[in-house]
Amino acid sequence: MDLLEILNQQPQGIAELTSDEGRYLFLNRKEIELRGLSESALKGSSIFNLFNQEQAKQLRELFQQCSNASTDQPIYFHYQKDDLYFEMRLVKHGENILSTLSDVTAQQELKNQLAQNQETIKCLDDAVNGANIGCWDFYPQEGRIIANKTWVTQKRYKDDEFREDDSLFSEVIDGLERWSSIVHPDDLEPTVELIEKHLNGETEIYDAKFRMICGDGKWRWIHDVGRVFLRDKNGNAIRMNGVHIDITEARTLEEKIEKLAVTDALTDLFNRRNFQYLSQAVLERAKRQKTYFCLLILDVDHFKAYNDTYGHLKGDHVLKKVSQALKDNIRQGEDYCFRVGGEEFAVVFTQESKEAADIFANRIRQKIEKLKIPHKENSANQFITVSMGLSCTQNLTDKTQVSDLYKRADKLLYQAKENGRNQLVSKSY
């Protein structure tokens, strides 16, 4: 994978601009996409013309501040466009400015964009350093890792403590063992599983997000993307390479924005507004990892009767308790739960088999029943219970629609109610 390919598959826009007029000298594919203009319209044009008067004035001041700086300390510019929020990271590069542009509105799914442009190699090499991108080579049969200097310094470590020498690419001391020692314990096992799946040829691209302990003692989020590009005659992976991107600030901002914009005020679950986006993200992940995409819909049994009997304040308490049971049983960062209606909830998740999905759903159902919240009007039980419909799909294609899967799960929920409630009806498609 050459340098151009690496930069063109990044989830960040990367550009080099003149410090005085902000004119584009180089831009990658993601920069074009995020700006919403054609490459021909952007090249040679001034970035200040893309903003309103107030934003342009602020950005000009930051360009001047960055240009006059004596170090390459990054300067950040945040702005809003319509309903989207963006972050620009500015770094002085000679007489020019290097910029990385990130859409920080919500959690991003990496899209791989590969292209050839050998004439810009030197510019891209500078951009890698300015954009704080760590590049790595991994030799799985030997446990060796070769990395550039940024791979070390982005994590606040001293280069001579991690790499054998200061060449452009140098061997990481103790290789895989050293890497695993700084990955967060909760993230290590699922990350290793993703690596092994890719090494075994089960996924086209290795794509993981995890925390790493840094030299300053703080945990930072790393987006790790790579691909095997060399195998032996038996298909065993010999060499794999990719990049590390520090996404800590973007992830923190994403979490704040998501919580404010797409959560239900009563239950603190995601609301229906964010259902389509996150469900599609899980579907795409299931497609890449070749697992089951599972959509679970559940409904509190006889909830109207509960409100009529116990009052709406008690009803709100029930919804909070059900929501907490959902949150306690999902895998954070992989599964998502939503309040999609008054007493109706949804969970989207992945599993290796339909049987495992059934176990997961029934565990939630039983946890809710074990809350032992009295409900004398419930024909299924003396306590609060839920009915569930679960749709599991492994044969995912580009034509697979979340809305169709939702309708299937909703029909299964209706069957659960018709069968007596407080039960799960599931089906694999």
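**Notes on the predicted model**

1. Strand E1 (residues 13-18) pairs with strand E2 (residues 24-27) in the antiparallel sense, over three bridges. Within this pairing, Glu-16 has Phe-26 in E2 as its bridge partner. The two strands E1 and E2 make a hairpin with five residues between them, and the turn includes Gly-22, whose phi is positive at about 65°. Please keep in mind throughout that this is a predicted model.

2. Now a step back to the whole protein. There are 15 helices and 17 strands, and the C-alpha trace spans about 75 × 60 × 40 Å along its principal axes. Of the 429 residues, 53% are buried. Taking contacts between residues at least 6 apart in sequence, 59% join residues at least 24 apart.

3. The accessible surface of the protein comes to about 20,800 Å², and carbon and sulfur atoms account for 46% of that. The side chains include 58 positive and 68 negative ones, with the centres of the two sets 6 Å apart.

4. Which strands make up the open six-stranded sheet, and in what order? Reading across, the order is E12-E14-E15-E13-E16-E17, and the pairing is mixed. Strand E12 (270-271) and strand E17 (424-428) are the edge strands, each pairing on one side only.

5. Inside that sheet, have a look at strand E14 (residues 336-339) and strand E15 (residues 344-351). They run antiparallel and are joined by four bridges. Phe-338 stands opposite Ala-346 in E15.

6. Next, the helix over this sheet.

7. Leaving aside neighbours within four places in sequence, Ser-391 is in contact with Phe-293, Cys-294, Leu-295, Leu-405, Arg-408, Ala-409, Leu-412, Lys-427 and Tyr-429.

8. Lys-290 has a phi near 60°, a positive value in a residue other than glycine. Lys-290 sits in the loop between helix H11 (275-289) and E13, and it counts as exposed because its relative accessibility is 56%, over the 50% cut-off. Lys-372 is not a glycine either, yet its phi is positive at about 55°. The place of Lys-372 is the loop between helix H14 (354-369) and E16, and this lysine is exposed, with a relative accessible area of 53%.

9. Finally, a buried residue in a loop. Where does Thr-203 lie? Thr-203 is in the loop between helix H9 (185-199) and strand E9 (206-213). It is buried, since its relative accessible area is 10%. Beyond neighbours within four places in sequence, Thr-203 is in contact with Lys-197, His-198, Arg-288 and Gln-289. Of these, Lys-197 and His-198 belong to H9 (185-199), whereas Arg-288 and Gln-289 belong to H11 (275-289).

Note on methods
Residues numbered from 1 in each chain as written. Predicted model: local features only at pLDDT ≥ 70, side-chain atom pairs only at ≥ 80, totals over all residues. Heavy atoms only, no water. Buried < 20%, exposed > 50% of the residue type's maximum accessible area, 1.4 Å probe, protein only. Contact = heavy atoms within 4.5 Å. Areas by Shrake-Rupley, 256 points an atom, 1.4 Å probe, with all protein chains shown as cover. Lys, Arg positive; Asp, Glu negative; His and termini not counted. Charge placed at Lys NZ, Arg CZ, Asp CG, Glu CD. Pairing = 2+ DSSP bridges.
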